[in-house]
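Me: Please look at the model below, and then let us go through how its parts are put together.

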Amino acid sequence: MLNIGIVGCGKIAQVRHIPEYMDNKNCKVVGFYDRTFSRAEEMVQKYGGIAYRSYEELLDNKDIDAVSVCVANHLHAEITIAALRSGKHVLCEKPMATTIEDCELMVKVAEETGKKLLIGHNQLLTPAHKKAKELIDNDIIGDILTFKTTFGHSGPETWSINPGANTWFFDKDAAVMGVMGDLGVHKTDLIRFLTGETIVETTARLVTLDKKDPEGRLVGVDDNAFCIYKLGNNIMGTMTASWTYYGPEDNSTILYGTKGIMRIYDDPDYSIKILLHNGEKIYYEIESIQTNVKQSKSGVIDLFIESIIEDKETELSGKNILGSMRAIFASIESSNKGKTVAIKQD
Ligand SMILES: NC(=O)c1ccc[n+]([C@@H]2O[C@H](COP(=O)([O-])OP(=O)(O)OC[C@H]3O[C@@H](n4cnc5c(N)ncnc54)[C@H](O)[C@@H]3O)[C@@H](O)[C@H]2O)c1
C-alpha cells in the first residue's frame, strides 16, 4: 500500500487527485498541505490523515511514498525537486515548470534519485485520444499532412477554488504563463502523441485580448495563443488555446491525412469521425472528454500508481513531456521576438 501526500489542496486536487487516489486500492492519502492551512484541515476532516503547516514538513515524513504537486505553476519545479530528493515519487500538475531549465532539472533529479516523475497531461489518456492514436498508427487516414488542434473555454476565474479576477491564474508571478501554460500544453503534447513526431519549429503569437484584473486592467499573462507548428515528417498545423471562448468548451483536434480526415471531439454525438477520401465514413461513439463542469475519471492517478508498483515508463513521464515543453518555451520566444524559432530536440 503506497502512502500519498497532497501538496496544494485546491480545485484539481479536490476534483481529480484525491478522489482518484481514494478510489485506487493500492494507495491511500495520508497527508495534506496547502498554503491556506484550513483547506488542508478540511481535507483531513473529509478523508483522514495529517494536515501539515509546510510542504517540507510533509516531505520529512518517511512513511509517505509519493506526492501530488497541485499548487500554482511557479512552485512546481521547487516542490517536485525537493520531493524527489526526499525520496518520493512525484505526480506534478501541468505546466511541468516555468522554464525549460527547470523542466530539464526535474527530469535529471528523477533519474538521479530513481523515482518516478509524471506530469498531469490527462488528455493523452482520454478514451477517444487513445483510440485515435491506435487508428492513426494503423494508417486509417494515411500520412498526416496538416492538423488543427484547439483547447478553449471561458477562463479559469470560475474554476479556481478562489474564483474571480483575483485568481493566481492571472498573476504573472504565480502563473508565469497564461493560457499557453494552462491549455496550450495539453494540445501541444497531444499533437506530438498522436503524430508520433516531435515539434521542430514554431511561429507563435501569444496575446491578451480580454481578461482583466480587479482594477480593470488587462492581465499580465496571455489569454489567447496561436501557434503554427512544424513537426518531423514535414507535418504542419496550428495549435490554438483560448480563455475567451465564451460559450461551450472547444476541445477539438482535426487531422488531415493522405487518405482522409479524422475529427476528434468535434461532434457531441461521435468522439471520433473519420471521413475518407474514397467516401467512406466511420464514426466512433466513445466517452466524451472531461470539461471544467463535467469531470470524469482521468486515469492519471491510476497510471502513476501502476508506474510505481510495476516500475514502468509511461507516456506521462517527465522525460517524454520535455519535448512538448521545449515547443512551449520556443513559442513564447517566437511571440516575444516576432519570428519563427527552431526547436532543438534530443
Ligand atoms: N491537468 C489539468 O487539466 C489541470 C486542470 C486544472 C489545473 N491544473 C493545474 O493544477 C495546479 C493547481 O491548480 P488548481 O486548478 O487546483 O488551482 P486552485 O486555484 O483551485 O488551487 C490552487 C491551490 O494551491 C494553493 N496555492 C497557491 N499558491 C500556493 C503557494 N504559493 N503555496 C502553497 N499553496 C499554494 C492554493 O491555496 C490553492 O489551494 C496548477 O498548476 C494548474 O495548472 C491542471
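Me: Which domains does the domain assignment give for the protein?
Reply: This is a predicted model, in which local features need pLDDT of at least 70 and side-chain atom pairs count only at pLDDT 80 or more, while totals for chains, interfaces and linings use all residues. Residues are numbered from 1 along each chain as its sequence is written, and side-chain values use heavy atoms, leaving out hydrogens and water. Domain bounds come from an automatic or database domain assignment, and here the assignment gives domain 1 (2–121) and domain 2 (123–297 + 316–342).

Me: What area is buried between domain 1 and domain 2?
Reply: The centres of the two domains, taken over C-alpha atoms, are separated by 25 Å, and their contact (heavy atoms within 4.5 Å) takes 28 residues from domain 1 and 29 residues from domain 2. Buried area is the accessible area (1.4 Å probe) that two parts lose on being put together, summed over both. Carbon and sulfur atoms give 63% of the area between domain 1 and domain 2, which is about 2500 Å².
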